[in-house]
Amino acid sequence: MRNERIGDYLVNQGLITNDQLQQVLAAQKEAGGTKKFGDVVVELGFMSEVNFAKALAGNLRVQYVDLDSIDINTEAVQMVPEALARKHTVIAINVQGKRLTVATNDPVNFIVLEDIKVSTGMDTVPVLATTSAINKAIGKCYSMQNVDSVVGELAAMNTDLGTMDDEESKDRVENAPIVKLATTIIENAYRADSTDIHIEPFEKYTRIRIRVNGDLVELMNISSAVHSALTTRLKLISGMNIAEKRIPQDGRFSQVVDGTTLDVRVSSLPMVHGEKIVIRILSTGQIALRKITDLGMSDYNYQLFESMLRVPQGVILVTGPTGSGKTTTLYAALGEIAKPNVNVVTVEDPVEKAIDGINQCQVNQKAGMTFAAALRSILRQDPDIVMVGEMRDSETADIGIRAAITGHLVLSTLHTNDAASTVVRLVDMGVAPYMVATSLIGVIAQRLVKVLCPECKTPRMSTEEENELMQVPHSIQIFEPCGCQSCNNTGYKGRTAIHEIIHCNTAVSSIIAANGSKEEIEAAAKANGTKLLRDNVSELVQAGQTSIAELIRTTYTV
């Protein structure tokens with residue numbers, strides 16, 4: 001029996017409408033036949049990549065596999081050369097006798113299957129997987145194999161690396177093993193969803209750790225003899241001076257991993273046994289801007305935040321410690337309010353994500369381009385909305401507040417522990433209380449909490465002490481992290497944000513103008529309906545989304 005066309009199959013299954021099918025066919029025709037039907041369906045947002053793959057598997061009567069949740073056989077992977085796997089977007093996942101199971105995004109392309117059969121000398125059994133899952137698996141499986149061979153090659157050549165001068169070292173570092181190692185470290189870190197890489201030199205070895213979900217996890221240990229070559233390579237590509245090893249340096253470069261261009265920031269700091277390198281991986285403009293609804297805000301907080309963004313002039317502050325997602329929240333807010341009829345200018349250090357249609361300005365301390373200097377110039381650029389990366393000093397805070405009073409909407413960040421202490425901090429920085437009271441629209445304090453892995457979280461009843469922390473009258477069912485293959489045995493999978501939003505209504509503003517204390521502001525805000533950070537995280541614990549350990553880590557105070 002002949003398979004029906006995939007478009008007709010989707011319509012018959014009720015997965016898309018006839019009208020949507022016509023739109024897809026028209027878009028495909030417009031692209032001149034260069035795009036596959038499935039790619040267009042996903043691009044237009046009619047179906048997710050996974051749902052389309054499952055529907056295609058049903059239509060073609062082949063098995064669909066989720067590569068993230070299965071154990072891939074290393075022996076099978078090694079049978080197909082990496083170049084062939086990348087060329088055809090396939091990965092071998094299992095081997096039984098003379099049968100090789102191969103995951104592909106096009107199981108009816110017999111030329112590809114024949115190619116693999118000739119290369120491996122085995123019968124190929126196709127299963128269907130999504131393109132992105134195959135690319136991710138190719139990167140993960142082949143790069144982990146590469147690490148061992150690269151470190152082996154380096155061990156063979158590193159005997160004389162330490163005795164070379166800088167020019168000689170530069171030439172040797174350009175050769176394949178070191179280049180491959182530096183690339184592999186960044187690729188593996190990105191695939192593990194990490195934000196930072198720490199390359200730390202010790203006397204007998206060099207430790208490489210990555211920060212995943214806010215915690216440092218060991219990636220690998222390498223010989224300390226390789227350290228100098230690796231740091232030279234990283235300094236070289238990030239534009240640092242490789243001859244200077246006595247002072248800290250900063251640099252940046254970009255690298256393409258699995259089709260995504262990453263913006264990579266590098267910082268070096270001299271240590272006792274060599275230079276410690278910390279690499280920050282930043283998502284580029286290619287990764288879509290997050291919407292406010294994707295930030296993990298509760299419906300209640302989202303309504304408060306949205307009403308604040310409707311105010312035409314004033315200051316909105318986002319506060320929290322380093323790495324709590326303040327910039328992501330600001331970018332999401334800008335994405336919501338930046339319309340073609342308004343002039344939006346930002347001043348940042350550094351510009352973390354290039355946003356289309358927004359004028360972004362980079363701070364340069366050496367050239368005298370400070371936050372305050374940039375902000376003064378921006379106010380002469382006829383802006384409607386100004387975003388200041390951070391109010392670091394009294395001068396920047398003062399100009400920002402004055403800009404808000406003169407009719408601009410100013411968004412900025414500040415490092416404080418909670419929303420109420422932000423107001424006290426502004427007054428402490430030298431801004432007059434009455435100016436803060438008249439200009440401040442609201443303050444959002446936020447933290448990131450780890451989300452429990454849904455596959456392995458284990459239930460238990462809460463203790464009396466925990467009931468007190470959650471402010472609940474009796475014991476309830478809560479969940480603990482356990483650890484499984486799906487979450488790399490951490491017990492957690494991803495993070496979400498918790499927020500504390502103070503809306504500066506008349507009652508709060510009058511307390512600020514009277515130079516009120518943090519406690520008075522907090523009491524007035526709670527009466528106005530503000531939910532504190534502790535309340536928000538407590539709700540997440542009760543809903544089984546996070547653990548009591550995360551509640552203590554993010555909000556515990558003496």
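Mentor: In strand S13, residues 385–388, the side chains of Ile385 and Met387 point one way, while Val386 and Val388 point the other way. All four of these residues are buried. In general, side chains in a regular strand alternate between the two faces of the sheet. The model is a predicted one.

S13 has strand partners. One is strand S11, residues 344–348, which pairs with S13 in the parallel sense over four bridges. Within that pairing, Val347 has Val388 of S13 as its bridge partner. Another is strand S14, residues 409–414; S13 and S14 are also parallel, over four bridges. Here Ile385 is bridged to Leu409 in S14. To get from S13 to S14 the chain passes through helix H15, residues 394–405, and this β-α-β crossover is right-handed. Strands of a sheet, in general, pair through backbone hydrogen bonds, either parallel or antiparallel.

Three strands form an open sheet in the order S1-S2-S3, with mixed pairing. Its edges are S1, residues 90–96, and S3, residues 123–128, each of which pairs on one side only. From one strand to the next, the twist averages 30°. Strand S2, residues 99–104, runs parallel to S3 in a pairing of six bridges. One of the bridged pairs joins Ala103 to Val127 in S3. Helix H7, residues 110–120, packs on this sheet and touches S1, S2 and S3. The direction of H7 makes about 140° with that of S3.

Lys276 lies in strand S9, residues 274–283. Is this lysine, Lys276, buried or exposed? Its relative accessibility is 19%, and the cut-off for buried is under 20%, so Lys276 counts as buried. The side chain of Lys276 makes a polar contact of 3.3 Å with the side chain of Glu200.

How values were computed. Residues numbered from 1 in each chain as written. Predicted model: local features only at pLDDT ≥ 70, side-chain atom pairs only at ≥ 80, totals over all residues. Heavy atoms only, no water. Pairing = 2+ DSSP bridges. Helix = DSSP H or I, 4+ residues; strand = E, 2+ residues; numbered from the N terminus. Axes fitted to C-alpha atoms, helices over the stretch in contact; angles between N-to-C directions. Contact = heavy atoms within 4.5 Å. Buried < 20%, exposed > 50% of the residue type's maximum accessible area, 1.4 Å probe, protein only. Polar contact = N/O pair within 3.5 Å; in protein donor to acceptor, adjacent residues only side chain to side chain. Right-handed = clockwise from strand over helix to strand, strands pointing away.
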